[in-house]
Amino acid sequence: MTRYDIAAKTLGIVTLGALGLDCHKTGARFSDELPANRAGNAYPDIYANSLRGGSSFVGSQVQRLYAEKRLKTRLPNNFYTVQGYFYGIFKQLKESVIPLGLAAGALLIPHADKTKTSIGRAACAVGLALYGLNYFFFDVMQFGRKKYFDK
C-alpha cells in the first residue's frame, strides 16, 4: 500500500466520521423538535374534544378522563423522539450523498496491484478534497456570495 492509498483512506475515514457526527447531531436536534411540534399541535385538539361533552354524563366523564390521560402520557412523545432522530439522520444523509459516496469510494475501492495506487481510489480522494475546498471557500468563508448588508 502506497502513501497515497493511506492518505486516500485517511481522508475517507475522516469524512465518514464527520458525516456520522453531522448525522447524529441533526438527528438529535430533530428528536427534540418533532415531539414538541407534534404535542403542540395535538394539545389544542385534545382540549377542544374534551370540552365537547355530549348529553351523556358518563360519556362526558369518559371523554374527560381520556383527554387527561392522553395529556399526561409520554408514550407518543417517545415514538416521536425516535421518529425525529431517524428523520434527521436520513435528512442529513440525503443532503450529504456526494461526500458520502466519495468517502466510501476512497475507502473501499480495491486496487489490483499492491505497488500502484488505484485510479478509482485516487479519483474519489481528489474529488473529496475538491468538494471539501469548495465547501470551505463558498459555504464557510462565503466567497462569491452576495453581501446583503454592504452599501
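Let's start where helix 4 meets helix 5. This is a predicted model. On the helix 4 side, the contact residues are Ile98, Pro99, Leu102, Ala103, Gly105, Ala106 and Leu107. On the helix 5 side, they are Arg121, Cys124, Ala125, Gly127, Leu128 and Tyr131. By class, that contact has 10 nonpolar, 2 polar and 1 charged residues.

Now the geometry. Helix 4 covers residues 97–108, and helix 5 covers residues 119–140. They pack at an angle of about 145 degrees. Their axes are 8 Å apart. The crossing of helix 4 past helix 5 is left-handed.

What does Leu102 contact, leaving aside its neighbours within four places in sequence? Cys124, Gly127 and Leu128.

Nonpolar side chains in soluble globular proteins tend to be buried together. Here, the largest nonpolar core has 7 residues. Helix 4 and helix 5 are the elements that give two or more residues to it.

Last, the cysteines. How many disulfides does a search of the whole structure find? It finds 0. Cys23 is in no disulfide, and its nearest cysteine sulfur, that of Cys124, is 19 Å away. Cys124 is in no disulfide either, with the sulfur of Cys23 as its nearest, at 19 Å. A disulfide needs the two sulfur atoms within 2.5 Å.

Are these two cysteines buried or exposed? Cys23 is buried, because its relative accessible area is 7%. Cys124 is buried too, with a relative accessible area of 13%.

Terms used: Residues numbered from 1 in each chain as written. Predicted model: local features only at pLDDT ≥ 70, side-chain atom pairs only at ≥ 80, totals over all residues. Heavy atoms only, no water. Axes fitted to C-alpha atoms, helices over the stretch in contact; angles between N-to-C directions. Helix = DSSP H or I, 4+ residues; strand = E, 2+ residues; numbered from the N terminus. Left-handed = near helix turned anticlockwise from the far one by under 90°. Contact = heavy atoms within 4.5 Å. Nonpolar A, V, L, I, M, F, W, Y, C, P; charged D, E, K, R; others polar. Core = buried A, V, L, I, M, F, W, Y, C linked by side-chain atoms within 4.5 Å. Buried < 20%, exposed > 50% of the residue type's maximum accessible area, 1.4 Å probe, protein only.
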